[in-house]
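Biologist: Please take a close look at one loop in this model. Then set the loop in context with other parts of the chain.

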Amino acid sequence: MTNVKNIIIGFGKGGKTLAKTLATKGEEVLVIESSDQMYGGTCINIGCLPSKRLIIEADAKQDFAKAVSGKNEMTAFLRDKNYHMLADEPSVQVLNGTAKFVNDYEVQVTTPAGEVLDFTGERIFINTGAESVILPIPGLKDSKYLLDSTKAMDQSTLPQELVIIGAGYIGLEFAGMFARYGAKVTVLDALPNFIPREDDDVSQMVFKDMQELGIDFKLGVKIVEVKDLADKVEVVYEQAGETKQVTADKVLAATGRKPRTSELGLENTGIKLDERGAVIVDDQLHTTVPGVWAIGDVKGGLQFTYISLDDFRIIKDELFGDGKRKISDRKNVPYSVFLEPPLSKVGLNEKEAKAQGIEYKLFKLPVAAIPKARVLKDTRGVFKVLVDPKTEQILGATLYGKESHELINLISLAINAKLPYTLLRDQTYTHPTMSEALNDVFK
């Protein structure tokens with residue numbers, strides 16, 4: 001049995017940043033990672049960065065195989081950089097193996113060679129992330145043609161025909177990407193309405209633009225089964241009382257992600273989980289066992305790498321600051337869906353404001369009215385911003401258009417700083433930029 005001051009299970013964004021900080025304080029840290037292909041976490045290896053790299057390459061008309069090769073070079077470089085960022089610290093040990101709790105403070109690690117090592121930690125941080133959800137559709141899990149979001153980015157050849165199960169944001173990003181590489185894409189979704197959380201006018205624009213890429217949407221369907229044929233996969237589904245089939249080279253399950261907790265042995269501890277298997281935490285990320293924290297996707301909620309980074313800040317503030325930072329301080333978190341053009345949102349949209357009975361003033365500008373959009377040769381989309389008519393503060397924004405993923409951060413800053421919208425309206429911006437559209441949005 002080896003005693004360690006800090007044990008971090010998982011090499012993700014929040015955990016690796018915490019490990020580096022602890023090391024700079026001279027503290028002993030053990031970082032346990034189950035796969036040597038995941039050093040640095042989901043984002044750099046199988047999530048944000050590789051997927052956006054492939055999306056950009058698709059937009060640039062790059063060959064799919066070359067794009068995947070370039071993506072692999074990038075992730076290998078980042079993975080190595082992240083490994084040495086920690087492993088080269090004298091007080092940090094990076095251990096490749098599968099961790100399982102024996103009790104509240106004892107963790108057993110099984111290495112790839114089968115060696116079993118036991119550790120106790122004064123502090124333990126669970127940072128194991130999330131994994132793809134595979135729905136219990138007959139034949140899906142066992143299909144040799146099944147892809148999840150990870151495998152979809154590692155194909156050596158482009159699937160000429162692809163069925164995507166799920167029209168959520170992950171599914172839509174992949175649908176747009178594969179369609180631009182030249183695949184024939186069919187998207188099946190149980191919901192009758194397309195991205196229903198967004199305003200209807202925005203949803204309709206996105207739907208139209210994706211259809212023009214050649215993507216075939218089948219909404220309001222029930223998938224009956226998945227069948228492996230000789231060299232294809234067949235998906236049987238019901239729509240409007242009729243049984244139909246679609247065949248493809250691959251079927252991609254894009255039906256969400258769940259916290260990765262099932263193999264952690266938490267049943268041996270007092271660490272409680274919610275109904276979705278997420279680790280329950282308080283406002284400062286403490287689990288139900290003192291001295292054990294949970295960071296990032298494993299605790300449920302928003303699954304973004306920047307949330308994991310902010311989780312690190314909360315823990316750092318508790319350990320080395322004044323302990324005032326809390327999850328509840330984190331309001332108006334922006335997000336972007338990397339379609340082409342991107343869809344970005346922060347705060348309230350019209351649909352949400354109406355549902356909550358919140359009074360608002362709407363500012364709306366078609367992207368076609370923005371000079372930079374003409375320069376970029378893409379005038380699709382709309383910018384919408386809601387403002388409180390009494391305080392003149394921004395309630396929320398939905399931006400569907402080029403470079404919206406950059407502009408949304410400026411609006412998020414204005415919301416959190418409680419700035420009046422007039423400050424953005426009257427700001428002097430560089431030209432030509434998409435941000436200068438705020439001069440016109442707020443007219």
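Where is P432 found?

Modeller: P432 is found in the loop between α12 (421-426) and α13 (437-441); helices (H or I, at least four residues) and strands (E, at least two) are DSSP runs, numbered from the N terminus. The model is predicted: local features need pLDDT of at least 70, side-chain atom pairs count only at pLDDT 80 or more, and totals for chains, interfaces and linings use all residues. Residues are numbered from 1 along each chain as its sequence is written, and side-chain values use heavy atoms, without hydrogens and water.

The peptide bond that joins H431 and P432 is cis, with omega about 0°. A cis bond also runs from E340 to P341, with omega near 10°. P341 sits in the loop between β18 (335-337) and β19 (343-347). Most peptide bonds are trans, and most residues other than glycine have a negative phi.

Two loop residues are listed for phi. I195, which is not a glycine, has a positive phi near 25°, and its place is the loop between β10 (184-189) and α7 (200-211). I195 counts as buried because its relative accessibility is 5% (buried is under 20% relative accessible area, exposed over 50%, partly exposed in between, with a 1.4 Å probe and protein chains only). E392 has a positive phi of about 65° and is not a glycine either. E392 lies in the loop between β21 (382-387) and β22 (394-400), and its relative accessibility is 32%, so E392 counts as partly exposed.

The strands β18, β19, β21 and β22 belong to an open sheet of 5 strands in the order β18-β19-β22-β21-β20, with antiparallel pairing (two strands pair if DSSP finds at least two bridges between them). Its edge strands are β18 and β20 (361-366), each pairing on one side only. Neighbouring strands of this sheet are turned by 10° against each other on average, direction ignored. β21 and β22, on either side of the loop that holds E392, pair antiparallel over 6 bridges, and V385 has A397 in β22 as its bridge partner. α7 lies across β19, β20, β21 and β22 and runs at about 15° to β22. Axes are lines fitted to C-alpha atoms, for helices over the stretch in contact (heavy atoms within 4.5 Å), and angles run from 0 to 180 degrees between N-to-C directions.

Another part of the chain shows parallel pairing. Strand β1 (residues 2-9) pairs with β2 (residues 29-33) in the parallel sense over 4 bridges, and N6 has V29 in β2 as its bridge partner.

Helix α3 (residues 48-59) and helix α6 (residues 169-181) have axes that come within 8 Å and cross at roughly 35°. Residues of α3 in this contact, among them S51, L54 and I55, meet E173, M177, R180 and Y181 in α6.
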